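Readers may wish to keep the sequence and the coordinates side by side while following it.

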Amino acid sequence: MFFTDLLPQLSLAEKASLLSGDGDWWTQAVPRLAVPAVELGDGPHGLRTETGEDMVWLPSTCFPTLSALAATWDRDLVREVAAAIGAEARAMGVHLVLGPGVNLKRTPLCGRNFEYPSEDPWLTGRLAAAYVDGLQGTGVGACVKHFAANNQETERTRVSVEADERTLRELYLAAFEHVVREAEPWALMCSYNRVGGTYASAHPWLLTTVLRDEWGYQGLVVSDWDAVHDKVASVRAGLDLEMPGTGGRTDAEVVDAVRRGELDEADVDRAARRVLHLVDRTRPAPGPLRGLGHRPGDTLTPAQEELLGAAAHHELARRAATASLTLVRNTGVLPLDPASPARIALVGGYARVPRIQGGGSAGVRPTRVDTPLDALSAALGDRLVTAEGYRVGATDYYQERPLPTDPDADEALADEAVALAAGSDIVVAVVGLPLAADSEAVDRTDLALPPAQVDLLRRLAALDVPLVVVVQSGSAVTMDPWHDGTAAVLLTGLAGQGVGQALADVLLGRADPGGRLTETYPLQLADSPGMPTVTGERGHVVYGEGVLIGYRWYDALDRPIRYPFGHGLSYTTFALDDLHVEVLDAAAGRVRCTVQVTNTGARRGTQVVQVYVGDPESAVHRPVRELKGAVKVALDPGERTRAVVELTGRDFAYVDATSGAWRREGGRFVVEVGVSSRDLVARAEVELPDDPALPPVVRDEDLPTDPVAWAVGGDGPVRG
Ligand code: BGC
């Protein structure tokens, strides 16, 4: 028996009740027909369940945030982490996890960047599909969010994104499209913002034309929490479930609108059917940890830890953190030699209380936390000396009490740390952004670390002692004036509860730093895409940079940057050579690229081979290069392998504003292979014909007198 089959037996009021939640985390049950409720729980890097009578958070494993996890460039590992989150959801009786987030990092200022994988749609889509696959393989649903163009927190509940159709489709919709087509998520969450003046929660073009009619999406569309402004318009546009519940208020609005003939009952049926379909897909037995009333101080009992899989998942969190740590600079000081008698100064409050995640709805109450201080003390014993260096607000890892300003206290701590560092052989300074800077509902206004940390680093960098800087942040930070005085810079992102051990293992060379940047690090904020009006004004944000965000922007403007997209160093070295690019099927645009990768160093290590495509001759302006494939390899010294990437017609195409369709324009394409967007080792050209399935290209001079649509509104683009 399927609950979906019960639809004809439901009254209009019962159907309408399915279209809104019961409180914050449940759908509404229909007791008369024994239709159960479904529980939703926040993700995406661990579970945030408000459970028990007093609705406090249950501990769960805090994995690397999606931004850090993405730095692994490892789809298998992402799948494994998502499966572990699924197992924890089952233990807690949660049916649907509200993640992954697949919005692009349009600007490094966005407060939720720590929740999003990348500035690149190809990478975001591939990693998110692996996440959905891993999670749903455990019988727990994924909810891909926030659809669409939710790329800032400033005015997020009402700002209108003004973007042209090509920009939306090539960048901001592309990852959603890939996940929907490849991984079939059970749910998708619409965003708070407006697109072209229409709220995403009531946007017929987004929710129906594109998502359902074009991409064939079969799952449920749920609103972001309180994102519905006009329930009837939302249902009509294609929204299925409004969250959280409204105590029946909007259910009555739906019933009235049908009775008055303003809403077609078929729309209500469609949405109710999708909610019932979700109920059909979920149905696990209530989790054994359901209903535990935990208070902030409580820990899980050993039996509860066992049910959660806490020990194994902590190991996985460590492994994932290790694979995400990104070494961007190394003059040779790393790895530290564990056997040398050198005295190492560990400086920084975040070594004692690491920044493991960002703030807001994605916050997880971790089951435990490995701190860098504990892990390095255990490994180095008396050789490690420590100083706080700067003040850290009291934190329990998902909340942080802000500090009052006190320059004297900052200076006293910095003086102590600098004196300690001056008498040491090596300094490891752990710094980062406070929780408030990596948080939902607020964007940063600059990219610098807090002033007290910048000042400390400047003083440490001026000493004649090698300085290793470890940065913990959910998105790019600037590194002046201390960068050039460092011997190494290691980025941990917000790497979850295993970060301390992972950091010790990488610093001491027990593990290779496995991460590669998934976003560009600019030299200064003013260089970054869309500046200075990037978050808009007076209710509108104009995506004037079009398809040029991230490395696409810096490459188009030929701007110097601090560290490029894709960059990251191993402790070994690699050679890439013997690139072959072979056209398998010219009409379909299928091309195979193979390149030989050799570990030329003395240690085992990982490398991420990246394939970029460019189209130098085109009817429209195109990015210099775009990532279209990547392979992560792990090799022993002297070992070699061939990395293979198969490109499809879509990988050469752009979105044609005259039709809204992806178009491959025949001609010469450039294929580049490298280890970052700015470190391209080999290059080849291929000749491909026009995509035979499409009408001929419309050149500018042949365009109709009315220009083609610029911004996309609720009914979609108006084509000239
Ligand atoms: C966030 C969502 C989250 C939801 C439930 C919203 O404010 O934007 O990402 O899943 O709250 O906590």
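Predicted model: local features only at pLDDT ≥ 70, side-chain atom pairs only at ≥ 80, totals over all residues.

Helices (H or I, at least four residues) and strands (E, at least two) are DSSP runs, numbered from the N terminus.

**Backbone features**

A cis peptide bond also joins Gly43 and Pro44, where omega is about 0°, and Pro44 is placed in the loop between strand E3 (40-42) and strand E4 (50-51). Most peptide bonds are trans, and most residues other than glycine have a negative phi. Asp226, in the loop between E12 and H8, has a phi near 70°, a positive value in a residue other than glycine, and with a relative accessible area of 59% it is exposed. Asp578 likewise has a positive phi, of about 60°, although it is not a glycine; Asp578 belongs to strand E20 (residues 574-585) and, at 39% relative accessibility, counts as partly exposed.

**The ligand site**

Which residues come nearest to the ligand? Of the 14 residues around it, these are Asp42, Arg112, His146, Tyr192 and Asp224. The shell is made up of five nonpolar, two polar and seven charged residues.

| Side chain | Distance from a ligand oxygen atom |
|---|---|
| Arg112 | 2.8 Å |
| Lys145 | 2.9 Å |
| Glu440 | 2.9 Å |

On its own the ligand has 310 Å² of accessible area, of which the protein covers 94%.

**Aromatic pairs and charges over rings**

The structure holds nine aromatic pairs. In one of them, Trp25 and Trp225 are tilted, with 5.6 Å from centre to centre and 40° between the planes. This pair links distant parts of the chain, 200 residues apart, since Trp25 sits in the loop between strand E1 (21-22) and strand E2 (26-27), whereas Trp225 sits in the loop between strand E12 (220-222) and helix H8 (231-237). Trp25 counts as buried at 6% relative accessibility, and Trp225 is buried with a relative accessible area of 14%.

Why is the pair of Phe652 and Phe669 edge-to-face? The ring planes of Phe652 and Phe669 stand at 70°, with the centres 5.0 Å apart, so the pair falls into that class, for which the planes must be over 60 degrees apart. Because Phe652 lies in the loop between strand E24 (640-647) and strand E25 (654-655) and Phe669 in strand E27 (residues 667-676), the pair ties together parts that are 17 residues apart in sequence. Both Phe652 and Phe669 are buried.

Ring pairs also link Trp73, Tyr551, Phe565 and Tyr612 into a cluster. Elsewhere, Arg106 lies over the face of Tyr543, at 3.9 Å from the ring centre, and Arg194 lies over the face of Tyr199, at 5.6 Å from the ring centre.

**Two buried positions**

Ser475, in the loop between strand E17 (467-472) and strand E18 (488-491), counts as buried at 1% relative accessibility, and its side chain makes a polar contact of 2.8 Å with the side chain of Glu519. Val254, in helix H9 (residues 249-259), is buried with a relative accessible area of 0%.

Technical notes. Residues numbered from 1 in each chain as written. Heavy atoms only, no water. Near = heavy atom within 4 Å. Polar contact = N/O pair within 3.5 Å; in protein donor to acceptor, adjacent residues only side chain to side chain. Areas by Shrake-Rupley, 256 points an atom, 1.4 Å probe, with all protein chains shown as cover. Nonpolar A, V, L, I, M, F, W, Y, C, P; charged D, E, K, R; others polar. Phe/Tyr/Trp six-rings, centres within 6.5 Å; stacked < 30°, edge-to-face > 60°. Buried < 20%, exposed > 50% of the residue type's maximum accessible area, 1.4 Å probe, protein only. Lys NZ or Arg CZ within 6 Å of the ring centre and 35° of its normal.
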